[in-house]
Amino acid sequence: MAISVTILPGPRVLDAKPGTTILKAAHAGGVDITATCGGRGRCTSCRVKLVAGTAPPPTIMDELQLGDALVREGYRLSCQWPVTEAVTVQVAPPLDDTTFQILGGERPAGAPEPISLDAGIDKRVAQVTLPKDEHRQTSDLEALLAAVGSIEHVPPTVLKTLPAALRARDGEVTVTTFGRDVLAVEAGDTALHKFGLAIDIGTTSVVTTLMELESGEQLAAVSSLNPQAVFGGDLMSRIAFAQFDPGNLRKLQTRIIGLLNQHIEQISRESGVLTKWIYKVVVVGNTCMHHLLLGIDPSYVGLAPYAPVVRHPLILPARDLFLKLPPEARVCLLPLVAGFVGADAVGVALATRIDESPALRIAVDIGTNGEVLLGSRERLWACSAPAGPALEGAQIRHGMRAAVGAIDRVAAEEGDLRLHTIGDGPAQGLCGSGLLDAVAALLDLGVVDWTGLIDVEGRDRLPAPTRARVEMRGEERVVVLARPGEHGAEREITLTQDDIRQVQLCKGAIASGVAMLRHVAGVGPEQVEELMLAGGFGNYLSIRSALRIGLIPPDLPEGKIRYVGNAAALGAQLALVSEAERARAEVIAGRIEHVSLAAHPDFETIFVECMNFPRLPPRTEGVRAG
Ligand code: FES
């Protein structure tokens with residue numbers, strides 16, 4: 001099914017295949033958009049501005065090339081924008097004075113600093129004079145040091161490679177350093193090969209992104225379920241499994257390291273980048289995931305007062321984690337804030353730049369162990385919001401990850417449900433965005449009431465097509481979303497009463513987190529400039545559905561809410577390509593004031609209230625930029 005893309009000035013209306021970039025669609029339709037770097041996200045010539053529709057969450061290339069201010073205004077690189085719904089964009093519109101990053105002009109007062117690309121990995125080509133004279137004793141290392149000044153620590157793993165590297169190309173070598181540490185010495189000139197990995201370890205999902213460190217170009221990404229989930233779906237059950245049991249702790253660590261090594265192998269195969277050229281890794285994750293990766297016992301993270309073992313940023317060689325990378329490649333773990341506010345929250349703050357905002361903003365990271373941040377450049381609060389894995393497709397009867405065939409959009413239309421699947425494939429299950437839409441549509445249709453009950457008894461009031469989808473199966477209340485044959489489904493896809501309870505737990509945790517932070521900070525809805533929804537759901541989260549089910553406070557107008565994609569992963573990518581951003585992470589972690597919800601006397605009342613769905617008529621405001 002083609003999607004309509006309208007390009008201004010003109011206008012030219014084009015039909016694009018879902019997933020094609022706007023740049024490719026424009027070129028195929030004969031519309032000229034300049035692509036100086038060939039569509040690799042390395043320039044700004046293909047920029048477009050959203051006029052109508054929804055802009056995708058920014059990628060790291062959008063952030064690096066355009067800067068946060070333009071991204072907020074709805075600018076994107078058209079070569080990085082896959083078409084998923086009808087949109088209207090303006091090509092390279094006139095730029096105003098906020099466009100300092102593009103034009104290289106003066107930076108307006110108060111505008112954030114542009115992100116500097118400096119991953120901290122330095123590669124120097126040197127000509128080493130090999131030891132020749134028996135009478136003048138020297139060594140390979142001394143010969144190397146003589147050729148390359150300012151290096152200090154050459155570890156034994158690199159020493160082992162020296163004799164072969166120095167002699168393979170008559171002494172021509174490339175020396176890779178991070179600070180004053182030598183990470184590798186390679187034969188010949190390999191200076192152009194400089195790559196890194198950004199890894200987001202979530203309780204349910206793990207995402208690994210390969211990046212070219214010089215340009216910030218994103219080359220490949222792999223995601224999969226966290227294999228530790230078989231030992232417990234949420235944090236507390238995973239901590240309980242590891243608690244005071246070194247054998248189980250080792251099992252959890254082995255699982256995650258095994259998965260990371262699979263990701264490394266796959267990403268190298270898909271991109272053609274050799275693993276020996278991956279020198280830096282940045283990892284974000286919640287406190288428990290962080291500790292388990294390091295093999296640190298998280299027992300005390302699960303017991304009051306929930307103290308982490310370490311909160312500092314850490315840097316360690318890849319060999320310490322048995323990663324299939326150069327043994328001295330540097331693995332950088334971003335700092336933690338508290339037992340249940342981890343480096344993922346710091347990543348969200350980095351990516352959303354909430355810490356630099358003159359106005360109050362809220363960032364909600366929806367995940368199994370979600371987090372909410374509220375603040376500005378003055379103060380910053382955070383709390384955990386354990387939403388459970390429902391929106392990541394887990395613990396839902398027909399839940400699945402966002403992949404071809406996942407129902408990612410559901411709408412109530414003409415008294416029935418209209419479904420859309422990723423890639424228009426045969427329907428196989430529901431992913432997070434589809435689950436949220438489905439519940440919103442069922443609320444709109446009156447199938448589900450404000451307490452979350454599937455109202456089987458009241459189905460006679462429903463329009464005939466919907467009525468036929470609502471039934472009791474023994475003791476269980478179900479809604480049939482797709483019957484075999486509908487949308488190519490091979491089996492029936494249902495939404496059960498338990499599934500809706502999972503969604504209520506999820507949205508109750510998030511909404512009460514937001515409500516409590518606003519309560520603690522004494523902030524009314526009018527003082528909040530923006531609420532940013534973050535998380536990886538495969539497709540854009542529908543703001544309207546999020547509001548309809550009360551995932552976010554209904555007192556915030558739709559125009560103030562923006563979906564920013566997987567911000568924790570974007571934060572890891574920024575820290576990967578910019579040492580300044582990695583340093584900023586430490587400052588942010590030090591600034592965040594942790595709010596413990598469970599300890600607050602009003603929490604339980606607010607949580608129970610937030611579990612219910614809003615008894616509001618559905619909103620019908622239009623779509624917006626950004
Ligand atoms: S063509 Fe260069 S960034 Fe899109």
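Me: I'm new to this predicted model. Is D181 buried, partly exposed or exposed?
Reply: D181 is partly exposed, because its relative accessible area is 24% and that class lies between under 20% for buried and over 50% for exposed.

Me: Which side chain does D181 meet in a salt bridge?
Reply: That would be R330, at 3.2 Å from N to O. The two sit in distant parts of the chain, 149 residues apart: R330 is in strand β14 and D181 in strand β8. R330 itself is buried, with a relative accessible area of 8%.

Me: How many salt bridges are there in the structure?
Reply: There are 38. Among them, R548 and D444 meet at 2.8 Å, N to O. R548 lies in helix α15 and D444 in helix α12, so this pair ties together parts 104 residues apart in sequence.

Me: Which residues are linked in a network of salt bridges?
Reply: Look for D68, R72, R361, E529, E530 and R562.

Me: Where is F244, and is it buried or exposed?
Reply: F244 is in the loop between α8 and α9. F244 counts as exposed because its relative accessible area is 52%, and the cut-off is over 50%. Together with Y300 and L303, F244 forms a nonpolar surface patch of about 330 Å² accessible area.

Me: How do strands β18 and β19 run?
Reply: They run antiparallel, joined by 6 bridges. In that hairpin, E414 takes a positive phi near 50°.

Note on methods. Residues are numbered from 1 along each chain as its sequence is written. This is a predicted model: local features need pLDDT of at least 70, side-chain atom pairs count only at pLDDT 80 or more; totals for chains, interfaces and linings use all residues. Side-chain values use heavy atoms; hydrogens and water are left out. Patches are made of residues with over 30% relative accessible area and no salt bridge: like charges are joined within 9 Å, nonpolar side chains (Val, Leu, Ile, Met, Phe, Trp, Tyr) within 5 Å. Accessible areas come from the Shrake-Rupley method with a 1.4 Å probe; for residues, only the protein chains shown count as cover. A salt bridge is a side-chain nitrogen of Lys or Arg within 4 Å of a carboxyl oxygen of Asp or Glu. Helices (H or I, at least four residues) and strands (E, at least two) are DSSP runs, numbered from the N terminus. Buried means under 20% relative accessible area, exposed over 50%, partly exposed in between (1.4 Å probe, protein chains only). Two strands pair if DSSP finds at least two bridges between them.
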